[in-house]
Every structure is written in C-alpha cells, then in structure tokens.
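Colleague: Can you put the model up? I have some questions about it.
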Amino acid sequence: MMKGARSFSHCGIAVCLVLSLCVVECSISATQNAVPKPAYASLRTLPPVTSAALVTAGAMYPVDIVRAMIMADVGAKSQALPQMVHNFYQAHGIGGFVNKGIGAELLKCTFSRVVKFWLQPTAHVLAFGKSQKEGTPLTKGVAGALTTIPEMLVISPFENAKLVQQLDKTGRFVNTGETLKFLATRGGPTGLYTGWLPMQLRNALWTGGFFLSLDTFKEKIEALNGGKATATTDVAAGFCAGVFGTLFNCWPDVVRTQIQRKHLAAMLAPTSQKALLHPHLVRTAFRNCATTSAEIFAAKGIAGLYAGMMVKSIYLGGSGALLAVLVPRFKELWGCTAE
C-alpha cells in the first residue's frame, strides 16, 4: 500500500512538472512574435534535453547527498566528512546514498536542468533579439540567469522536500508527497518556499556563470587539442564551466541551507504555529538572507560561506560536464540542430 501511495505521489508530481513546462513554453511562444522560427521549434528539443537532464540527475545524486550534509553542518558542531558519511550510513544504510529523497531530487533536478538548457536559447532571443549563436558570453550568461526565475518558482518546494528527507534522521518522512504536505501544513503558504531568495541567487549565479564561460572554455580546450572538438573536450569544458559557476553560487547555497534548517526545526517543534502571509514577507526574506550570511561569516569567516566548495565543485562540475557532452549528442540522435 505504501509503495502504491509513493508511486502515485511521484506520478502526480511528475504530471505537475510537465504541465508547468507546457505553461512556460506557451507563455514564451505567445510573446515570440518577432522570432522567425515556428513555435514548435523549441518543443522538438524537449525530449533530448529531458533525457540528458534525467541521466545527469541520477548519476550525480550520491555526490549531492554528501554536499547537503556538509552545507547543513556549517551552523552546527563541525564534523569531519568521513564521520558525517558514517553517521548517514548508520541511519540509512548504503541504500540511503541512492534512494534517500531521490524522488524529489530526480524530479527537481531534471526539471531544473531542462529549464536551463531548453529555454536558454529562447530566453536569449527574447532578451536580446538574436540567436545565442550571435550573442556574446555576457548575453548568453544573462539569458541563462533569466531562465532561473520560472525554474525556482516551480522547484523551490521540491528543493525543500529533498533537504527535509536528506536531513531526516528518524525516518519520519517516507516520500516526497508526504514531505510536501508537511511543509504546506506546518509552514503555511510560505513553508514550501522556505529559503527562496538565496536559492534564487544560487541558481541564477551558477547558470549565468556556466553559460557565460562555457564557449570560452571550449575554445581554449579545443585549441590545446589541435583545434579538434571531441567528447573529451566537451566534458572538460563543461566541468570547468560548472566549477566556474560554483565560485559565485557556493555562498548562497550555504545560506539557504542554514535558513531552511532553522525553519524546519521551528516547524518540527510541538508548539509551532502555522505561518501566515504578511505584507513584509519580501523584506523579511532579504533580512534573513543578510543576517544569516553575517552570522556564518562572523562564526567561521569566508571559509564558512564556502563550506563544501570541493564537493560542490565536483557535483556542479560533474553536472556541467555531463550536460555539455550529452545535450548536443542527444539532440543529434533526436534529429535536432544544436542551438
């Protein structure tokens, strides 16, 4: 019965994500009057981009668990990485590294990467009136950052659900559907969007940095390879671009983790009350982000804001490498022209 409920929950979430993608695409197509390409042009690239994103999400998930543990440890008593991994293993077993919160992770990360690599060319046309092939590194980076706005509106609840499941030490949260219900019930209207502002900064900075630097890294690495573009050069360039983006987005990721931990602890408290919307919500979000950043810096300096930089670089560098090599090749297999 539990497995059936879990499957139903994940199927429902998947349907919601697909519908959200369709809404975003229809909204963009409605404003794309000046673009000479037909409205279905970008829809044709959706299947190969989705396939590449799904493979990447599954491959990088174990690294993401380790990254989440390190980020969450910033505000607590510091532990060595081997000890954190050991504690996680004791609580969840070896299977926890491949299935703890994996439903939320696969759905969230697949959608997130699809938005980045599917809508970025369209965002470039809408923002600058020309194809991204004709754009500069800066315009490509800005277009990538713009795609994170609709992305975060959709994935923020799943980001919170994934973190709740990964940091759950009692096994209270069984599946994504139950976790989302808990966040909405205890946290009120804002519970699903806990830590939204630093999450928005995190994704915009990484995505912008990735697209800003990818072509430059490709040119440099291909030059070292005698001017030849191969799968190996694409992997290397994608990894470098992913690490480059991490230089900018590491600190907001640490900040959002701490904000989410505090709010989660408050929601778990027996005396907690349902949060209500109030007119100062946006101002409070900025204040929480600034205050948490200052607290981390005061306690541990710049190293605290860049906690887990190595693991995060491996995670986002690896993600960038896989996407850089898989997206264009999956498009070729699907018969699409790489944009």
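Modeller: What follows covers the aromatic pairs, then a serine.
Modeller: This is a predicted model, where local features need pLDDT of at least 70, side-chain atom pairs count only at pLDDT 80 or more, and totals for chains, interfaces and linings use all residues. Residues are numbered from 1 along each chain as its sequence is written, and side-chain values use heavy atoms, with hydrogens and water left out.
Colleague: How many aromatic pairs does a search of the whole structure find?
Modeller: The search gives 6, counting rings of Phe, Tyr and Trp (its six-membered ring) with centres within 6.5 Å; planes under 30 degrees apart are stacked, over 60 edge-to-face, the rest tilted.
Colleague: What about phenylalanine 117 and phenylalanine 210, how far apart are the centres?
Modeller: Their centres are 5.6 Å apart with the planes at 70 degrees, so this pair is edge-to-face. Phenylalanine 117 is in helix α6 and phenylalanine 210 in helix α10, so the pair ties together parts 93 residues apart in sequence. Helices here are DSSP runs (H or I, at least four residues), numbered from the N terminus.
Colleague: And which kind of pair do tryptophan 206 and phenylalanine 210 form?
Modeller: That one is stacked, at 5.0 Å centre to centre and 25 degrees between the planes. Both residues are buried, meaning under 20% relative accessible area (1.4 Å probe, protein chains only).
Colleague: New topic: is serine 112 buried or exposed?
Modeller: Serine 112 has 7% relative accessibility, so it counts as buried. Its side chain makes a polar contact of 2.9 Å with that of lysine 116; such a contact is a pair of N or O atoms within 3.5 Å, one able to donate a hydrogen and the other to accept it.

Terms used: Buried means under 20% relative accessible area, exposed over 50%, partly exposed in between (1.4 Å probe, protein chains only). Helices (H or I, at least four residues) and strands (E, at least two) are DSSP runs, numbered from the N terminus.
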